[in-house]
Amino acid sequence: MKFENILAVSGLPGLYNMVTSRGNGILISDLDTEKTRFCSVRKHQFTPLETVAIYTVMDTTPLKEVLKSMADKEPTLAVPSVKEKSPVLSEYFGQVLEDYDPDRVQISDIKKIIKWFNFLKERDLLKTLYVAASSGEEEE
C-alpha cells in the first residue's frame, strides 16, 4: 500500500485506500475489511494524506514527516489522547514538530493528526508505509 493512495473522505470516519478514480468520483476500499464502495464527488471531498502539510514558522512540513517523527519519538514521548486539554496537545505537538506555527495550526488539526496516527498504527500501516517510501526513494 502506498501513502499517496490513503485518503480522508469527508462525511466518512477513518481513512481509506483509493482503488481507482472516475470522472464522477472515487472507488475506495476500507482499510480493515477491504470492502470497496464508490464515493461521488458531488457528496464527498477527498484529501490524500500525501498532500497534507503542517504549517511551520518558515514553510510547511509534509504530514508524512510529522507521522514519522511521532513514531520515532513514541518510545519516549507518549501520544496523548485526543480528549486531552489544548495545552497538553500543543505541548506534545511542539515536541514532535518543534517549529510548527501555533497561530496557524489549530487544536482540531492536532487532534486529527493524532487520530490518523493512531488509526494507521492500530492497523500496523506506519511501518509498511515508511518501508515502501524509503525503497521507492532509493530506486529513483
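Which residues does Thr56 touch, not counting residues up to four places away in sequence? Keep in mind as you look that this is a predicted model. The partners of Thr56 are Thr61, Leu97, Asp99, Tyr100, Asp101 and Arg104. To find Thr56 itself, go to the loop between strand 6 (53-55) and strand 7 (60-62). Its relative accessible area is 3%, and anything under 20% counts as buried, so Thr56 is a buried residue.

Now hop across to one of those partners, Asp101. This residue sits in the loop between helix 2 (86-96) and helix 3. Is Asp101 buried or exposed? With a relative accessible area of 14%, Asp101 is buried. Leaving aside neighbours within four places in sequence, Asp101 is in contact with Tyr55, Thr56 and Val57. In other words, the contact you started from shows up again when you look from the side of Asp101.

Time to zoom out. How many helices and strands are there in the protein? You can count four helices and seven strands. Follow the sequence and the pattern reads β-β-β-β-β-β-β-α-α-α-α. The radius of gyration is 16 Å, close to the 14 Å that the globule rule gives for 140 residues, so the protein is as compact as a globular protein of that length. Along its principal axes, the C-alpha trace spans about 40 × 35 × 30 Å. Of the 140 residues, 36% count as buried. Contacts tell you about the fold too: among those with a separation of 6 or more, 49% are between residues 24 or more positions apart.

What about the outside? The accessible surface comes to about 8,700 Å², and carbon and sulfur atoms hold 48% of it. As for charges, the protein has 18 positive and 22 negative side chains, and the centres of these two sets are 11 Å apart.

Next, trace helix 3 (107-122). This helix has 16 residues and reaches 22 Å from its first C-alpha to its last, close to the 22 Å expected at 1.5 Å a residue. Which residues of helix 3 are buried? They are Ile110, Ile113, Ile114, Trp116, Phe117, Phe119 and Leu120.

After helix 3 comes Asp124, and its phi is positive, near 55 degrees. Asp124 is in the loop between helix 3 and helix 4 (125-139), and at a relative accessible area of 48% it is partly exposed. Glu34 is another residue to check: it has a positive phi of about 60 degrees, although it is not a glycine. You'll find Glu34 in the loop between strand 3 (25-30) and strand 4 (36-40). Its relative accessible area is 62%, and over 50% counts as exposed, so Glu34 is exposed.

One last stop is Arg42, in the loop between strand 4 and strand 5 (46-48). Arg42 has 82% relative accessibility and counts as exposed. Asn17 is 25 residues away from Arg42 along the chain, and 19 Å separates their C-alpha atoms.

How values were computed:
Residues are numbered from 1 along each chain as its sequence is written. This is a predicted model: local features need pLDDT of at least 70, side-chain atom pairs count only at pLDDT 80 or more; totals for chains, interfaces and linings use all residues. Side-chain values use heavy atoms; hydrogens and water are left out. Helices (H or I, at least four residues) and strands (E, at least two) are DSSP runs, numbered from the N terminus. Buried means under 20% relative accessible area, exposed over 50%, partly exposed in between (1.4 Å probe, protein chains only). The radius of gyration is taken over C-alpha atoms; the globule rule is 2.2 Å times the number of residues to the power 0.38. Contact means heavy atoms within 4.5 Å. Accessible areas come from the Shrake-Rupley method with a 1.4 Å probe; for residues, only the protein chains shown count as cover. Lys and Arg count as positive and Asp and Glu as negative; His and the chain ends are not counted. The place of a charge is taken as NZ of Lys, CZ of Arg, CG of Asp or CD of Glu. The expected span of a helix is 1.5 Å times one less than its number of residues.
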